[in-house]
Amino acid sequence: MILSFLSLRGVNSKFDTTNIKSLVQEVVDKWDYSGYFTLLSQGRRLVNEYYGFENKDKSSKTTKDTRYLVDSQHSFFARFSILMEVSRKSIKLNEKIAKYIPELRHSDKITIKNLLKGESGLFDYYHSHLMVQFETDDELKALPEYDRVRKEHSIRYENRNFHKVLRIINDKELEFEPGKDDEHSSTESIILNELLTRVTGLTPFEYLKENIFDSLGMDSVQYGSTIETLSYIEHKDTEHVSTPVDFDVEGIFSINNDDLEKLMTALLNKQFLSEAVWKTALKRNHHGNGILFGSSRGFYSTGFGFLGYVVSLYLDFNKKVAYSCVSNEQPLIELVDNNWNYYQKEFSSVVAAIMTFPENTKMVKLDKKNFWSALDISIKPEQNKFVLNAKSSVAMGLFYKEQKVYVQMEGDIVVGLLVLEIDKKKENYYINVVIIDKKFQNKGFGKLMVKWAVEKLKEEGATSLKIGVNRENIAAKKVYMNAGFEPKSVYGGGMELEMKL
């Protein structure tokens, strides 16, 4: 059951950007980030900054003209291009791919939609074949470590030719019945790109250039992999390995950030696809993912690139807000308090802190969809002595039936956690835990949460309510007392507040 209420603040149309550059800079400094960060709101560019080095080996700094390599055969472009053809009605989502690629085994069982959604069941030519061979090849394993890492990443591109892939997979059974699971296979983008060529007569790059790049005036796009920028792939989570492109690969092009911004804006404005196809593309499955986008802190997220080049895009279609991280470095990963952190996640936190206000706030029950995000809720270090942390609060709700856990949402973003004690037999009604994530504090979310809690407990039959608070927690005391609670008992370090209903 979803219980909703509208905020008193109304729609926020002007974001506070006073500290935005310093907040972004903190992330850049922490991760030694190289690349661009761009933030757009309502067609206005709020941030467009470049950082670090385009080639650390040569100490060559990133500039506004720095170029990045992108793969025109990347799965995002393959899916988007096919959806463009669906919009033009040259192909249909429910068609079997046997109509176009009859030589592919099992093609009479797989639809175009299965390929787009990662539901084809096709054998994975890269992870389940090339990488297995790599792992058992003594000669490759004997290479110097960094050379071995570079080779491991390059073999995917050296062997992704449709006919090569067909020879690898065509004697393999399906991993699962098409449409019965959603485990993406590296093979799917190969088949989608071959399908695109057979339907249109164009290579993936030619198709993108003719139908998207030229249309948007993306003049920086140049076919080929020769640029000054050097990319770096992540190795063992904590180090970078440079990856010069010293092998032949089709479909690679270079581009600058201004043109990537044009592409991001076009996606935000839902260009190129029909309204019906956009609706299909944005529909999410039980994991929160769709054909084109995943889900990240309330944004539709996607990405593409090549080797260590990473273009990460985040779009909020309702608010017309978008941001991008464009880098020549794959993200390093840091584990802190059982949470994985990396530069995209921290940039996401910065944007959420700036852009999120009470506009369409709701309280929902803790469930599988919001469980992990709820566990990520954190508070300021100085508040730890005042309130139970999110993990302990969730655990309490899972093991004590009278403890009911609710999650506060702003759109698709988890902003807070509430634990209520509801024991009708003993007539105990208590507000046990009120947590607002530190990124969203001082914006009115706590006031809305307490207001909802009072109404919820009243609805459950409460005639009086109780809540405990540390006497030094001035901000919380103010929120509770403004909501109508009054002191009932005062102890050395804490006090109990009560409200008669």
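Q: Is Lys439 buried or exposed?

A: Buried means under 20% relative accessible area, exposed over 50%, and partly exposed in between, with a 1.4 Å probe and protein chains only. Lys439 has a relative accessible area of 18%, so Lys439 is buried. This is a predicted model, in which local features need pLDDT of at least 70 and side-chain atom pairs count only at pLDDT 80 or more, while totals for chains, interfaces and linings use all residues. Residues are numbered from 1 along each chain as its sequence is written, and side-chain values use heavy atoms, leaving out hydrogens and water.

Q: With which residue does Lys439 form a salt bridge?

A: A salt bridge is a side-chain nitrogen of Lys or Arg within 4 Å of a carboxyl oxygen of Asp or Glu. Lys439 pairs with Asp437, and their closest N and O atoms are 2.8 Å apart. Asp437 is buried, at 2% relative accessible area. Elsewhere, salt bridges with shared partners join Lys424, Lys456, Glu459 and Glu460 into one network.

Q: How many salt bridges does a search of the whole structure find?

A: The search finds 29. In one of these, the side chains of Glu261 and Arg45 meet at 2.9 Å, N to O.

Q: Which residues have the most contacts inside the largest nonpolar core?

A: In soluble globular proteins, nonpolar side chains tend to be buried together. A nonpolar core is a set of buried Ala, Val, Leu, Ile, Met, Phe, Trp, Tyr and Cys residues joined through side-chain atoms within 4.5 Å. The largest one here has 84 residues, and those with the most contacts inside it are Phe80, Ile82, Leu83, Trp278, Leu292, Phe304 and Phe306. Helix α2 (residues 75–87) gives the most to this core, with eight residues. Apart from this core lies another, of 30 residues, including Ile431, Leu457, Val469 and Tyr480.

Q: Which residues does Ile82 touch?

A: Contact means heavy atoms within 4.5 Å. Not counting residues up to four places away in sequence, Ile82 touches Ile91, Ile112, Leu116, Leu192, Leu195 and Leu196.

How values were computed: Helices (H or I, at least four residues) and strands (E, at least two) are DSSP runs, numbered from the N terminus.
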